[in-house]
Amino acid sequence: MSAICSVACSNPLQIGLFQGLPSISINTPLQLKTRNRSLILSSNELVPTYSTRRALNVSILTVLLSIPFSSSAIAIGEVLELERYTDSAEGFTLLKPSSWSKVDKAGATALFQDANKGSNNVGVVVIPVKITTLSQFGTPQFVADKLILAEKRKESTKEAEVVSVSERTGEGGLQVYEFEYKVDSTRGGLKRILSAAFVASGKLYLLNIAHSDGLESPIDPDRRNTLEQILHSFDIAPST
């Protein structure tokens with residue numbers, strides 16, 4: 001992960017600015033940076049109040065850009081079987097590869113990784129927000145444009161390009177944004193990123209699926225179909 005920020009204390013959520021760019025380093029639990037203000041939340045997860053739309057925009061983008069993923073190269077071709085994973089406490093559900101184990105990583109609400117091919121993983125981050133719908137943040141294209149702009153301004157990024165932007169309806173009419181983009185960087189080469197986001201019950205839910213997609217090991221159609229199934233399965237957990 002190429003984003004940078006300083007560690008202020010052992011258990012904060014700090015929002016600030018690094019070199020004029022939105023950037024974040026996940027470190028027990030999250031640390032965010034924006035130009036608008038500096039805000040520290042204690043470990044009781046007080047909900048931040050954002051004074052401007054731009055402050056909210058930057059905070060969401062920095063988290064979306066920083067959901068952990070590895071950058072090592074991998075071989076493609078393994079057939080993945082999917083199983084349902086539901087986090088009732090945080091309130092989300094998704095499909096995940098049954099052979100991938102859940103691993104602990106600071107800042108990730110859930111992270112699933114192939115132990116033998118660690119550059120492929122699925123990560124989820126959940127953070128408190130004041131908005132009630134994603135449309136209060138912006139349109140899907142607006143989010144995608146900001147996301148790619150932030151990627152291009154990273155020192156490690158050689159090229160970044162939006163592949164697709166869409167919106168779908170989740171459980172109970174939930175508004176879900178989906179993005180696909182590719183990034184070529186000095187840290188891991190060409191990667192394909194699939195992301196989804198939604199807001200529910202005062203929380204922002206972010207999914208990141210990272211997969212290497214280089215010329216020597218491109219994503220095959222079966223693997224791509226599997227990744228898209230995971231993307232489209234991300235939703236609010238059904239009420240019990």
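Start in helix α3 and select R224 and E228, which sit 4 residues apart, about one turn of the helix. Their side chains meet in a salt bridge, 3.1 Å from N to O. Color by accessibility here if you like: R224 is partly exposed, with a relative accessible area of 29%, and E228 counts as partly exposed too, at 26%. This is a predicted model, so keep that in mind as you go.

Now widen the selection to E180, R192 and D213. Together with R224 and E228, these residues are linked in a network of salt bridges. Within this group, zoom in on D213 and R192, whose side chains form a salt bridge of 2.7 Å, N to O. D213 lies in the loop between β11 (203-212) and α3 (221-233) and R192 in strand β10, so the pair ties together parts that are 21 residues apart in sequence. Both D213 and R192 are buried.

Next, select E178 and R168. In this salt bridge the closest N and O atoms are 2.3 Å apart. E178 belongs to strand β9 (residues 175-185) and R168 to strand β8 (residues 157-169), so the bridge ties together parts 10 residues apart in sequence. E178 and R168 are both buried. If you want to keep exploring, the structure holds 10 salt bridges.

For the last stop, pick S195 in strand β10 (residues 189-200). Is S195 buried or exposed? S195 is buried, with a relative accessible area of 0%. Show N208 as well: a polar contact of 2.4 Å joins the side chains of S195 and N208.

Note on methods:
Residues numbered from 1 in each chain as written. Predicted model: local features only at pLDDT ≥ 70, side-chain atom pairs only at ≥ 80, totals over all residues. Heavy atoms only, no water. Helix = DSSP H or I, 4+ residues; strand = E, 2+ residues; numbered from the N terminus. Buried < 20%, exposed > 50% of the residue type's maximum accessible area, 1.4 Å probe, protein only. Polar contact = N/O pair within 3.5 Å; in protein donor to acceptor, adjacent residues only side chain to side chain. Salt bridge = Lys/Arg side-chain N within 4 Å of Asp/Glu carboxyl O.
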